[in-house]
Structures are given as C-alpha cells and as structure tokens.
Amino acid sequence: EQYLADSQLLSKTIMQTAPIGLFLANSAGKCTYVNAYWAHASGLPGSKARGDGWQRILHSEDCQNVLQKWSALVNHATPYAGVQFRYLQADGTETWVQASATPLCGVDDKITGFLRVEQDITERIQNEKIIEILAEDKTGKPEEILKQIQTVLPEAILPKDFDYADYHNRSAKIYNATLSLKAVLAEYSAFNYENDVKFFLNCNL
C-alpha cells in the first residue's frame with residue numbers, strides 16, 4: 001500500500017511540474033485534469049477547464065477544426081498528432097500550441113481516458129511570421145516593416161544597426177527554405193505505404 005501511495009504521489013508530482021502542458025480526459029473526452037503548465041499557458045485555471053470548460057478559450061478560427069479532430073479521436077480512435085491551434089485568453093493574448101493525444105487503456109485494453117500533451121509554440125509562430133514579413137516586404141522602409149512586425153509582436157523594436165538589405169535577404173532564404181521543407185513534409189505525409197510501395201515493387205524498372 002505504501003509503494004502504491006508513493007507511486008501515485010510521484011506520478012502526480014511529475015505531471016504537475018512537467019515543463020509541458022498535460023491534459024487528461026475521461027473516456028467520453030471530458031477534461032478531468034490539467035497541470036500547472038497548461039493552466040499558465042492557456043490562462044484558464046484547472047477548475048474551469050474541467051468537462052468542456054477548456055473549449056470556451058479556443059480561438060474562434062480554430063475551434064471547429066480542434067473539436068472535430070478531438071471527437072474523431074474519442075469516438076473513432078483517429079490518430080491525433082501535431083494539431084496546432086490557439087487559446088485566446090481574457091486579455092486578448094493568443095497562445096499557440098501543438099498538441100498530440102493518445103488513448104489510455106486499462107488491463108482489458110478498454111479505453112479509460114485520453115492524455116493530450118501540448119507544447120507552447122507561440123514564440124516559434126511569431127518568429128515565422130516576422131521572417132515572412134521581412135522576406136516579402138516590398139516597401140524597403142524600416143518604419144513600415146516595424147508596423148507590420150508590431151502586429152505580431154507589439155513590443156518589438158528594430159535594432160539601431162538595422163540593415164534592411166541584409167535582414168531582407170537572409171529572411172527570404174529562410175522563408176523559401178521553410179516553404180520547401182513544408183512541401184516535402186506534405187508529400188511525406190501523403191505517402192501511402194500500402195499503395196505507393198507496392199506500386200514501385202511491382203514496376204519493371
């Protein structure tokens with residue numbers, strides 16, 4: 001009994017102090033627990049996240065997609081990985097997260113709940129948008145660039161030694177490389193082993 005109690009305490013401590021958002025739900029997909037990191041990143045206390053409470057802070061533009069994918073996991077065990085969406089806090093702050101989830105099964109392999117892991121990717125998304133702004137700018141005017149950047153990062157300022165040509169060229173290279181990588185990943189994601197591999201194996205090259 002002491003071993004069980006110690007194990008439960010250890011598990012609870014690890015979940016509560018983990019440097020990533022943890023979201024537990026019951027077999028019906030209703031939230032039963034979120035850790036401190038999740039509550040801080042989303043701006044919603046754990047007590048208000050329970051049940052369907054967490055859905056209230058989903059960004060309106062992402063809500064439908066998130067709920068459809070969550071329902072597909074809960075009802076049909078559809079894989080749920082790399083889902084990106086935003087939480088909208090009461091003060092207007094947007095938090096971008098990337099989430100993956102998996103069913104939790106009991107000894108009889110019956111699904112007893114779900115664990116969703118969420119990584120705060122807000123800074124990454126902001127950086128990507130700023131790089132896109134710098135790469136696609138046609139004005140050549142630092143003050144106009146700053147206005148656009150401040151729509152992403154209101155407190156942003158340009159460095160005193162800001163070299164427009166240098167920042168524009170480097171950002172363009174990064175941005176184009178990112179687009180190429182996303183295209184490759186999209187092709188990889190669309191690759192179907194059963195159909196594509198068998199097709200190549202059956203070809204007489």
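Please keep in mind that the model is a predicted one.

I shall begin with the nonpolar interior. As general background, nonpolar side chains in soluble globular proteins tend to be buried together. Here, the largest nonpolar core comprises 22 residues. Those with the most contacts inside this core are Phe23, Trp38, Trp54, Trp70, Tyr80, Phe85 and Tyr87. Five elements are listed as giving two or more residues to the core: strand 1 (21-26), strand 2 (31-34), helix 4 (63-76), strand 3 (80-88) and strand 4 (94-105).

Let us take Trp70 as an example. Which residues does Trp70 contact, once its neighbours within four places in sequence are left aside? They are Phe23, Ala25, Gly29, Trp54, Tyr80, Ala101, Phe114 and Arg116. Among these partners, Phe23, Trp54 and Tyr80 also belong to the group with the most contacts inside the core.

There is also a second, separate core, made up of 8 residues. Ile145, Ile149, Val152 and Phe162 are included in this second core.

How many cavities of 30 Å³ or more does a search of the whole structure find? The search returns 1. The space in the largest cavity amounts to about 50 Å³.

The residues that line the largest cavity are Gly21, Tyr37, Trp38, Ala41, Ser42, Tyr87, Val97, Glu118, Gln119 and Asp120. Helix 2 (36-42) and strand 5 (111-120) each contribute at least two residues to the lining. Helix 2 provides the largest share, with 4 residues.

Finally, I draw your attention to two loop positions. Ala77, in the loop between helix 4 and strand 3, has a positive phi of about 55° although it is not a glycine. Is Ala77 buried, partly exposed or exposed? Its relative accessibility is 47%, so Ala77 counts as partly exposed.

The other position is Asp109, which is found in the loop between strand 4 and strand 5. Its phi is near 65°, again a positive value in a residue other than glycine. Asp109 is exposed, because its relative accessible area is 63% and the cut-off for exposed is over 50%.

Note on methods:
Residues numbered from 1 in each chain as written. Predicted model: local features only at pLDDT ≥ 70, side-chain atom pairs only at ≥ 80, totals over all residues. Heavy atoms only, no water. 1 Å grid on protein atoms, 1.4 Å probe; cavity = no way out; pocket = protein on both sides within 12 Å on 5 of 7 lines; lining within 4 Å. Points joined across faces, edges and corners; volume = space filled by probe spheres on them. Core = buried A, V, L, I, M, F, W, Y, C linked by side-chain atoms within 4.5 Å. Buried < 20%, exposed > 50% of the residue type's maximum accessible area, 1.4 Å probe, protein only. Contact = heavy atoms within 4.5 Å.
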